[in-house]
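Colleague: I am new to this structure and would like to know what lies behind the words used for it. Could we go through them one by one?

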Amino acid sequence: MRDYIVRATAADGQIRAFAITSRGIAEAARTAHGTSPVVTAALGRLLSGAAMMGTMMKGEKDLLTVQIQCSGPVGGLTVTADANGHVKGFPREAVVDLPLNAQGKLDVGGAVGPGVMRVVKDMGLKEPYVGQIALQTGEIAEDLTYYFAASEQVPSAVGLGVLVDTDYSVKQAGGFILQVMPYTPDEVIEGLEQKIREIPSVTKMLEAGRTPEEMLDLILGDMGLRITDETDAAFLCDCSKERVSRAIATLGEKDLDDIINDGEAIEVKCQFCNKAYRFEVDELKEIRK
Ligand SMILES: [Zn+2]
């Protein structure tokens with residue numbers, strides 16, 4: 001199944017919903033960074049959530065960054081999404097090995113540990129919007145749920161799942177975000193809460209072959225679900241040698257001189273996708289000018 005995001009409404013527009021299937025995104029991130037299973041799950045969940053959050057933005061050039069700084073062994077995660085389903089991201093530590101948690105699942109909460117989540121939305125205004133919360137469980141979905149309630153004042157339910165196969169590749173990835181608009185009657189909210197308690201986990205739904213539309217149908221099917229649109233989603237990095245050379249140019253003159261005086265070509269890797277760019281001494285001298 002290709003990766004894509006659907007957007008929908010239910011209960012006469014009182015609920016808005018997003019769902020994604022993102023196996024390709026999570027697998028591309030795993031391949032780029034060589035992550036171990038628990039980091040594959042953590043990064044895959046955050047990429048899936050951020051891809052959906054990106055499509056909540058209005059402008060073509062809007063960018064959303066979710067940054068987790070944490071004291072667990074993964075150390076941190078950074079993910080950036082645009083409004084068109086494109087997402088990229090990286091972990092601070094790609095390889096973390098932890099025993100499975102009490103439920104026999106990859107211990108994402110243990111790998112992340114206590115910390116903070118910052119959401120930065122750059123919507124072309126003078127100042128970006130910044131929201132920050134303390135991580136609740138480090139399991140990502142619960143943390144995003146708390147972020148929406150505490151920082152954006154939008155009651156939400158977030159479900160995210162990444163299933164890692166026995167060969168460590170990504171077998172399934174996906175998720176959903178449900179949001180309740182202001183003034184929604186209590187009985188609608190209670191009905192939704194009841195449904196969320198009843199549904200299987202995201203990975204179970206994906207394993208059963210459910211599409212994003214079908215995941216939403218399971219939750220909102222009897223609440224007047226209306227799919228409004230669909231967007232292709234992909235792990236996509238927009239780095240280039242030009243961009244990396246601009247980053248090198250921001251180094252201080254002394255640091256640049258030191259590198260040039262070493263007399264050897266350097267290799268600079270893009271943090272987001274790990275692609276390596278080689279710069280010869282002559283090119284560095286050109287940048288120095
Ligand atoms: Zn890149």
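Modeller: Let us begin with contacts: of those in the chain with a separation of 6 or more, 64% are between residues 24 or more positions apart, a contact being two residues whose C-beta atoms, placed from the backbone, lie within 7 Å. This is a predicted model, in which local features need pLDDT of at least 70 and side-chain atom pairs count only at pLDDT 80 or more, while totals for chains, interfaces and linings use all residues. Residues are numbered from 1 along each chain as its sequence is written.

Colleague: How do you know whether the radius of gyration agrees with that of a compact globule?

Modeller: The radius is taken over C-alpha atoms, and the globule rule is 2.2 Å times the number of residues to the power 0.38. For 289 residues the rule gives a value near 19 Å, and the chain has 20 Å, so the two agree. Along the principal axes, the C-alpha atoms fill a box of roughly 70 × 45 × 35 Å.

Colleague: What makes a stretch count as a helix or a strand, and how many of each are in the chain?

Modeller: Both are DSSP runs numbered from the N terminus, helices being H or I with at least four residues and strands being E with at least two. By that rule the chain has 10 helices and 13 strands.

Colleague: Why are β8 and β10 said to stand at the edges of their sheet?

Modeller: The sheet is open, with five strands in the order β8-β9-β2-β1-β10 and antiparallel pairing, where two strands pair if DSSP finds at least two bridges between them. β8 (156-164) and β10 (226-232) each have a single partner strand, so one side of each is left without a neighbour in the sheet. β8 and β9 (residues 170-180) are joined by nine bridges, and V162 stands opposite A173 in β9.

Colleague: Why are α1 and α2 called oblique to each other?

Modeller: The axes of α1 (residues 23-33) and α2 cross at roughly 135° and come within 9 Å; axes are lines fitted to C-alpha atoms, for helices over the stretch in contact, with angles from 0 to 180 degrees between N-to-C directions. Angles under 35 degrees count as roughly parallel, over 145 as roughly antiparallel, 65 to 115 as roughly perpendicular and the rest as oblique, and α1 and α2 are therefore oblique. Where they meet, I25, A26, A29 and R30 of α1 face residues of α2 including T40, L43 and L47. Helix α2 (residues 37-54) also lies across β1 (4-10), β2 (15-21), β8 and β9, at about 140° to β8.

Colleague: Why does Q271 count as partly exposed?

Modeller: A residue is buried if 20 or more other C-beta atoms, placed from the backbone, lie within 10 Å of its own, exposed if 12 or fewer, and partly exposed in between. Q271 has 15 such neighbours, so it counts as partly exposed. Q271 lies in the loop between β12 (266-269) and β13 (276-279), strands that run antiparallel and are joined by four bridges. Within this hairpin, which has six residues between the strands, N274 takes a positive phi near 70°.

Colleague: Which residues of α4 are buried, and what do they pack against?

Modeller: In α4 (residues 141-151), A141, D143, L144, T145, Y147 and F148 are buried. They pack against α2, β6 (115-122), β7 (129-134), β8 and β9. For the chain as a whole, buried residues make up 39% of the 289 residues.
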